[in-house]
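Please look over the sequence and the structure shown below before reading on. The paragraphs that follow move from single residues to the contact between chains.

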Amino acid sequence: MRVSYKWLQEYVDLSNVTPEELAEKITLTGIEVEEVIRPDAEIKNIITGQVLECKKHPNADQLSICLVDVGEEEPVQIICGAPNVSAGQKVIVAKPGARLPGGLKIKKAKIRGEVSNGMICSLEELGIESRVVPKEYADGIFVLPEDTPVGIDAVPLLGLDDAILVLDLTANRADCLSMVGVAFEVGAILNKSVHLPEVKKNQGSGERVEDYISIKVANPEDAPLYTAKVIKNVKIGPSPLWLQNRLMASGIRPHNNVVDITNYILLEYGQPLHAFDYDRIGSKEILVRRAQPGEVIVTLDDVERKLTEEDLLITNGKEPVALAGVMGGANSEVTEETTTVLLESAYFNGTTIRKTSKYHGLRSEASSRFEKGVDPERVRLAAERAAQLIVELAGGEIVDGIAEFAELEMEPVEIQIEVGKMNRFLGTELAEDEVAAILDRLQFPYQMNGESVTVQIPSRRWDLAIPEDLYEEIARIYGYNNIPFTLPQGNQTQGGLTQYQKKRRVVREVLEGAGLNEAITYSLTSHEKYGQFSPITVEPVRLMMPMSEEHAELRVSLIPHLLDAVSYNQARKNNDTFLYEIGSIFINRGKDVQPQEVEHVAGVLTGLYVNHPWQGEKIPVDFFIVKGVLEQLFAKLNLTERITYEKAVLDGMHPGQTAHILLDHDVIGFLGKIHPEREKEYDVKNVYAFEINLEKLLQEELPESTYKPIPRFPAITRDIALIVDKDTEAYELQKVIKETGGKLLQTVKVFDVYEGKHVAEGKKSIAFTMEFYDPERTLTDEEVNRINEKIVERLRTTHGAELRQ
Amino acid sequence: MKERLYGLKDEALQKISAAANLKELNDIRVAYLGKKGPITEVLRGMGKLPPEERPVIGRLANEVRQVITKELEKKQKELEQQALEEKLKQEAIDVTLPGRPINLGNHHPLTKVIREIEDLFIGLGYTVEEGPEVETDYYNFEALNLPKNHPARDMQDTFYITEDLLLRTHTSPVQVRTMEKYRGQGPLKIICPGKVFRRDDDDATHSHQFMQIEGLVIDENIRLSDLKGTLNVLAKKVFGEDCEIRLRPSFFPFTEPSVEMDISCKICAGEGCHVCKHTGWIEILGAGMVHPRVLEMSGFDPKKYTGFAFGIGVERIAMLKYGIDDIRHFYTNDIRFLKQFSALSK
């Protein structure tokens, strides 16, 4: 809502408050003022003039040479490019030295060889948006009324010496979609009274409106109140400048006097009105009904609209003449020929209007007000005031009475509050008389009975219904800045994280400690990427109306977007990129069932993991670096003994360098190298990745650390180097060693793996170091040797392993 | 005999003093004190001396041996010291060369902000609650006093999956779920961080996915002033002790009264700049007293309980706190960006 400061002054005394101060106060009390526009901020020295002569420029078809009287001794010559300039017009002139919005300085100039002493201005050049400039002047200069004196300052004439407060209204404050509503708000803020326009009892023509029109409403819920007035013998023409100025300042384009008046009243009272050409309605009946499927209407914007049963229509009994509350029909539009006007003022159901406006993508000043609510008490008042203005500005006679359908039942709203309770809610200590003073400022009638206050809510504030609403009204007028700072007093609660949340923090710390930076990517992915790197085969969870194909389905793996991040980084020569992400994946469980959301942790690593060139250390990321990072993580979670790895074949992964990660016997994730073909798709190189079901990884409670005595006796180590088949897995051998070694065998570690010329074809050498230890005594070489031999023997049987000579 | 011994002593001491290294010194030791050395020889020849001279010569020989030994030790230490110094000199390195890098990653800046806020509120007795990103219409809207066709639903353009399923537009559904879990029993103090989604085209200031942190307190006698005090603690923690706050009335269907909180503009210190649109204040979050209908729908008796709630846009906080100019940076994951947030926060 754009509020003209000068216009507002007609209702509230603003003499002690500048527009900027007022904006600040309104913002702090309830409605955000987005900005204060000073239309004349950049304008200097524009005056009125009259074009005395106008002839074609000899060297330019599009230009005219004008002789303009600007109230000086001699008329001045101005070159003008507007197509609508002609002799006799009163116009706006920017003389040399003038300034216009956008920093334009007017200078004396020669245009195609002819002197130009200034410029004849269009409204757009004065900073008025082209969409609100009257259509006839939209492509040219603005022509002032004939009786405009020459040589006077044009700024006040055009109402530009004003300030426009642009209100950003929240959905509940539709009462301020009107100047009168804003006046009540400002009156309360400034503690000033509000002067409403006087609506006189209109002197009628002596005819009865019933002889002109009758009103029927098919479904009272759609339009519980519908009124019509008839004004005859009007003369359609332009509105006076002051009215046009106000409309333009408020963001509405002037059309003609009758239409402008309906818009003026809409702005003043917030009540949308519609003016029909009575003669073009073609009947003496208004029937408000729902559209039949397939029915059509051509609206004022000349668009043919196919209607549905959701749309509410104003009809002449048969044909639609308007899309109720949204836009009039072209067939009944007021034109220059109109002499009798039917003025509609109604109360339509907001939801109905909202649906129509949304369905047809047609939002108008009227529809937005009906959607958010209008004051039912102003429906008739607005019609009377508009009729009165039509008589004043367009001539004509009012037909007596008002035709109406009225089934609107208005329950007066009363809210009862207790001052003590309110203070306990707000944390204030307001006395009863302070509360009374605030209610007076809001102009809410009330009765006070000790602590208890009963407030009658005026119909203009239909947003207020419960005590909390009233607490807010009182608190905001009292001032939120006056409310103290306190902290909740009541019961103590123990804050903290859940086990899961704590462990998740540990996961972050371990991964970050290993050099991975946390990434956050989008949950929505493309159909193409859906299913990649995942064993999940169910249908994707897909948006009904995606904004782009790129973000249309919910992901089942974190790796695709992490690869996008790698691609982005590699393209920028950020070659050493190690990222991890913790986020949810979404598994479809059927229509209208929330998908299963599972938190995963995933990582991508590429480039040099160790990059220390001057000492000759450059270690690129490989499978075992990634595995080492994960082993560190599992160790931290006390899972080392329960995690195993199995060779795996997985979508998008290198078939020879990928492993499932198992917790006990359950696959919880994988790690490995990205398949070269997939790397090509993502435009990345040499990327290793892992993804783990975090919820499974963290499902168990961490045990407390317990103390084990530091070894008192020396441990004995034995190394064995085995020759085995090439595809024998180290883990298998290790398992046999552990089983055979008994409880004295404390650790087994691989310390060497070799394939090559010293080992037979198809074989490899793999060496283990084993540590034996007994906490009770010193072991003898003999007993360790015995165990060692047993192990070697066992490995020979299970894996055909031979000791390497 | 005596003369010979004195002669040997002088000769040895002179050689010791002249020794240039440990090897020479060792040769001297062997030469004078060894089993075949002159002093041993003297002692061996003592038998030929008259008995009365024997103790005198014996004592003298021992004295000489001691003096030589002492000098040898002294010289050895000296030479060892010299050798060590020489060795250390050889071992000198260029200490200004770079060290072996240890990789260390860090939190995403959004996580960093969330963590800071989580930790603040944990200290104030809050727990951290989380909920699903795909929500039902009921939890995202209806239970928050936003029935179907409510005009305020326009405020949040929503990604729908079906008529009833959607990507949550705020973290408030977690509030509702938690309230239900508490079965009408206060006190309840939670914060809920999480991802939320709106139908926005991604540009410098909009993102179809972003992070929110929601706070909710329900207890007997929770006041608007408690909300104001809590938000003040939050603002000072996140933006520094000199940060001022102000509340303005606003509207959310799930709170009544509803407020918006502004913080004093750090960038211009209230002078007016483009970040604060020349007002000296920056809008930071929405909050309010939980609407009695919301309490009631989730099983809390509004006659007994009151509560407050607030919702923070994490990107907005991070952008202001770190001076980040484009919201897309958070989701591009350029490591040159991510690595900038490794330092500890105040």
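**Two residues and an interface**

A:S116 is buried, its relative accessible area being 2%, where buried stands for under 20%, exposed for over 50% and partly exposed for what lies in between, with a 1.4 Å probe and protein chains only. This is a predicted model, in which local features need pLDDT of at least 70 and side-chain atom pairs count only at pLDDT 80 or more, whereas totals for chains, interfaces and linings use all residues. Residues are numbered from 1 along each chain as its sequence is written, chains are lettered from A and ligands numbered from 1 in the order in which they are written, and side-chain values use heavy atoms, with hydrogens and water left out.

In chain A, A:S116 lies in strand β9, residues 114-116; strands (E, at least two residues) and helices (H or I, at least four) are DSSP runs numbered from the N terminus. Leaving aside neighbours within four places in sequence, the contacts of A:S116 (heavy atoms within 4.5 Å) include A:Q77, A:I78, A:I79 and A:K107. The side chain of A:S116 also reaches the backbone oxygen of A:G118 at 3.1 Å.

In chain B, B:I161 sits in the loop between α6 (137-140) and β3 (165-167), and B:I161 is likewise buried, with a relative accessible area of 10%. Not counting residues up to four places away in sequence, B:I161 touches residues of both chains, among them A:V541, A:L543, A:M544, B:V134 and B:L166. The C-alpha atom of B:I161 is separated by 38 Å from that of B:R246, which is 85 residues apart from B:I161 along the chain.

The contact as a whole takes 95 residues from chain A and 93 residues from chain B. Between them the two chains bury about 8000 Å², 55% of it on carbon and sulfur atoms, buried area being the accessible area (1.4 Å probe) that two parts lose on being put together, summed over both. On the side of chain A, the residues that lose the most area to chain B are A:I520, A:Y522 and A:M547, together 9% of what that side buries.

Seven salt bridges are counted between chain A and chain B, a salt bridge being a side-chain nitrogen of Lys or Arg within 4 Å of a carboxyl oxygen of Asp or Glu. In one salt bridge, the side chains of B:E118 and A:R505 meet at 2.7 Å, N to O. Strand β32 (residues 577-587) of chain A gives the most to the side of chain A that touches chain B, with nine residues.

How values were computed: Polar contact = N/O pair within 3.5 Å; in protein donor to acceptor, adjacent residues only side chain to side chain.
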